[in-house]
Number of protein chains: 2
Amino acid sequence: MSTPARRGPYVCGIDAAMDVVSGKWKSLILWDLDQHGTRRFAELRRGLPGVSEKMLIQHLREMEADGLVHREVYREVPPKVEYSLTEHGVSLNAALAPLGRWGTERIRRIGAEKVVPPSWTGGRPAADRDASDRPAVTLRGAGSPG
Amino acid sequence: MSTPARRGPYVCGIDAAMDVVSGKWKSLILWDLDQHGTRRFAELRRGLPGVSEKMLIQHLREMEADGLVHREVYREVPPKVEYSLTEHGVSLNAALAPLGRWGTERIRRIGAEKVVPPSWTGGRPAADRDASDRPAVTLRGAGSPG
DNA sequence: TCGGGTACTTACCTTCTAGTAAGTGCCGCG
DNA sequence: CGCGGCACTTACTAGAAGGTAAGTACCCGA
């Protein structure tokens, strides 16, 4: 049965949003999917160094149940499954942008390490992504969620 | 020692921000403090129905260590301690606003219950807060964090 | 003197979250 | 024929997060 978000009762919007984003890899999955548009299981796994297959599937399933990601199965051999963001996923990613910017600023403030595992972005040094980070990308597509 | 946020290494801004917000009551504490400006321990406890004293203190201590809340002790009897948001806390709250709006919309979409424990806002029905929720309040004070 | 309020602290226990490691069925490549 | 890749599934386990309940030290009003 796992736990695809409690679906309420919620105390406020943050509560509901957190319910859907909490999970060690979810915001990263959101990001990766947003960056690449569509990804196969193994691509996601390689794109999120450190994630276990169990957690990756579990999170993907929950996010699918929560209407954030779309799962397209191609019945061929070897098996092929493509994951992509739904428009809710895209808008959630956009809603996370300010939080990402706040976090990036915090990293600077406290002088914390920003560690990006190898192959995370193709080997570019962290400094390149420091300012832009993850927020900007999708903003065009979901500027005013309403 | 507890765990006042790992302080990195972080993989991205979201990671760092989540590190600081994760905790069942933290976003609610942030909100309550933002609404009231300054609150005593017992006031916070009454304002967050369901929170235990242990969790409330633990979260307040972590948030203090993370530079989000300020703790002012008045050496008098009976003891008096006042909690308030630092400017980082205020800006974090502002950064959470879009997420709160997204969550509020999601609650509407999935038709989830929005349960506000009695005395949460002084007894007003949930509908009153539905649209405004928590986002708007602080936005004036921290519109463009950077 | 008793109960209640102030602000915590402590010990213990349960539940949740994530990690490890192995197995499944199917195929192509060498 | 065995290895590796695909997309999973399953069982077991460790650790973190959170809940319960009690205790601390002081004072005030009834």
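Modeller: Gladly, and let's start at one residue. A:Met63 is in contact with A:Lys26, A:Ile29, A:Leu68 and A:Val69, leaving aside its neighbours within four places in sequence. Two residues are in contact if their C-beta atoms, placed from the backbone, lie within 7 Å.

Biologist: Before going on, what kind of model is this, and how are residues and chains labelled?

Modeller: It is a predicted model: local features need pLDDT of at least 70, side-chain atom pairs count only at pLDDT 80 or more, and totals for chains, interfaces and linings use all residues. Residues are numbered from 1 along each chain as its sequence is written, while chains are lettered from A and ligands numbered from 1 in the order in which they are written.

Biologist: Thanks. Where is A:Met63, and is it buried or exposed?

Modeller: A:Met63 is in helix α4 of chain A. A:Met63 is buried, with 29 other C-beta atoms within 10 Å. A residue is buried if 20 or more other C-beta atoms lie within 10 Å of its own, exposed if 12 or fewer, and partly exposed in between; C-beta atoms are placed from the backbone.

Biologist: How far is A:Met63 from A:Val51?

Modeller: They are twelve residues apart in sequence, and 16 Å separate their C-alpha atoms.

Biologist: Let's zoom out. How many helices and strands does chain A have?

Modeller: Chain A has seven helices and three strands. Their order from the N terminus is α-α-β-α-α-β-β-α-α-α. Helices (H or I, at least four residues) and strands (E, at least two) are DSSP runs, numbered from the N terminus.

Biologist: And how much of chain A is buried?

Modeller: Buried residues make up 38% of its 146 residues. For chain A contacts with a separation of 6 or more, 61% are between residues 24 or more positions apart.

Biologist: What about helix α2 of chain A?

Modeller: Eight of the eleven residues of α2 (residues 26–36) in chain A are buried, so this helix is largely enclosed by the rest of the structure. Among the buried ones are A:Leu28, A:Ile29, A:Leu30 and A:Trp31. After α2(A) comes A:Gly37, with a positive phi near 80°.

Biologist: How do the strands of chain A line up?

Modeller: They form an open sheet of three strands in the order β1-β3-β2, with antiparallel pairing. At the edges stand β1 (38–40) and β2 (69–74) of chain A, each with a single partner strand, so one side of each is left without a neighbour in the sheet. From one strand to the next, the twist averages 25°. Two strands pair if DSSP finds at least two bridges between them, and β2(A) and β3(A) are joined by six. Across that pair, A:His70 stands opposite A:Ser84 in β3(A).

Biologist: Which peptide bonds are cis?

Modeller: One joins A:Val77 to A:Pro78, with omega near 5°, and A:Pro78 is in the loop between β2 and β3 of chain A. A cis bond also joins B:Val77 and B:Pro78, with omega about 5°. Most peptide bonds are trans.

Biologist: New topic: where do the two chains meet? I'm curious about α1(A) and α5(B).

Modeller: The axes of α1 (residues 13–21) of chain A and α5 (residues 87–110) of chain B come within 6 Å and cross at roughly 85°. The two helices are therefore roughly perpendicular to each other. Residues meeting there include A:Ile14 and A:Ala17 from α1(A), and B:Leu96 and B:Trp102 from α5(B).

Biologist: Which residues does A:Leu92 contact?

Modeller: Apart from its neighbours within four places in sequence, A:Leu92 is in contact with A:Leu30, A:Leu68 and B:Trp102. A:Leu92 is in helix α5 of chain A and is buried, with 30 other C-beta atoms within 10 Å.

Conventions: Axes are lines fitted to C-alpha atoms, for helices over the stretch in contact, and angles run from 0 to 180 degrees between N-to-C directions. Angles under 35 degrees count as roughly parallel, over 145 as roughly antiparallel, 65 to 115 as roughly perpendicular and the rest as oblique.
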